Amino acid sequence: FEFARVMPDGGTRYFSVSGEPRFDPAETFLGYRGIGRDVTEIAIARERIATLAYNDALTGLANRTSLAPALEHAIERTRRHRSKLAGVFMDLDGFKQINDLHGHAAGDAFLVEVARRLRRSLRASDVVARLGGDEFFVVLEQMQDTPAVERVVSKLAAEVLKPYELFGGVKAGVSASLGVSIFPDD
């Protein structure tokens, strides 16, 4: 088995241990005899691979791969609690011009800021995913009615539409196209 141990310096080390139980002639358990090794580098690499597989490398948001199972689980919870769920698709209009005029570094910084604004505007339990490019998807659980969804979507839109400061003090703005679907209504 593998386990993690916090070390005196505050760092975490991972160990792999295998062994066999040992008993005395009266069948009393004496302990284990086996081997162990430090697998910290392997464990960290595994965590990094998992992060890259399920999170957008640029923004840290969920990616398309992790959105599908998260949405399925959210739908099941919504059925169980007899509530509503909203899916919000957002496509940024004008992002291409930011990339073209100010370069990809500015475009990347812009997308990171959009992700930060979306996360800041939502509950920790809400899923925010970057589908790719300038497309985002938000899953809003435990919504009671359409006006509640409209309030949250308006708040998201207002955050995204605020001006952005790019490198060198240059300000830029975008608009957004949004689509909303409410489960189980739609």
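This is a short walk through one predicted model, taken element by element.

Before I start, a word on conventions: residues are numbered from 1 along each chain as its sequence is written, and side-chain values use heavy atoms, with hydrogens and water left out. Since the model is predicted, local features need pLDDT of at least 70 and side-chain atom pairs count only at pLDDT 80 or more, while totals for chains, interfaces and linings use all residues. Helices (H or I, at least four residues) and strands (E, at least two) are DSSP runs, numbered from the N terminus.

Let me begin with the sheet. Four strands form an open, antiparallel sheet in the order S5-S6-S4-S9, where two strands pair if DSSP finds at least two bridges between them. Strand S5 (127–132) and strand S9 (175–183) are at the edges, each with a single partner strand, so one side of each is left without a neighbour in the sheet. Neighbouring strands are turned by 20° against each other on average, direction ignored. S4 and S9 run antiparallel and are joined by nine bridges, and Phe 89 has Gly 179 in S9 as its bridge partner.

Helix H5 (residues 146–161) lies across S4, strand S6 (135–143) and S9, and runs at about 160° to S9; such angles go from 0 to 180 degrees between N-to-C directions, with axes as lines fitted to C-alpha atoms, for helices over the stretch in contact.

Now to helix H2. Which residues of H2 are buried? They are Ser 66, Leu 67, Ala 74 and Thr 78, and seen down the helix axis they fall within an arc of 105°, so they line one face of H2. Here buried means under 20% relative accessible area, exposed over 50%, and partly exposed in between, with a 1.4 Å probe and protein chains only, and the arc is that of the directions from the helix axis to the C-beta atoms. The face turned away from the buried side carries the exposed residues Glu 72 and Arg 80.

Helix H3 (residues 95–102) has Phe 95, Ile 98 and Asn 99 buried. These lie within an arc of 95° seen down the axis, so they line one face of H3, and they pack against strand S4 (84–93), helix H4 (104–121) and strand S8 (171–172), with contact taken as heavy atoms within 4.5 Å. On the opposite face are the exposed residues Lys 96, Asp 100 and Leu 101.

Asp 56 deserves a look of its own. It is placed in the loop between helix H1 (40–54) and helix H2 (64–81), and counts as buried at 14% relative accessibility. Leaving aside neighbours within four places in sequence, Asp 56 is in contact with Leu 61, Ala 62, Asn 63 and Arg 130.

Finally, some backbone details. Most residues other than glycine have a negative phi, and most peptide bonds are trans. Glu 27 has a positive phi near 65°, and Gln 142, in strand S6, has one of about 55°. A cis peptide bond, with omega about 10°, joins Phe 183 and Pro 184.
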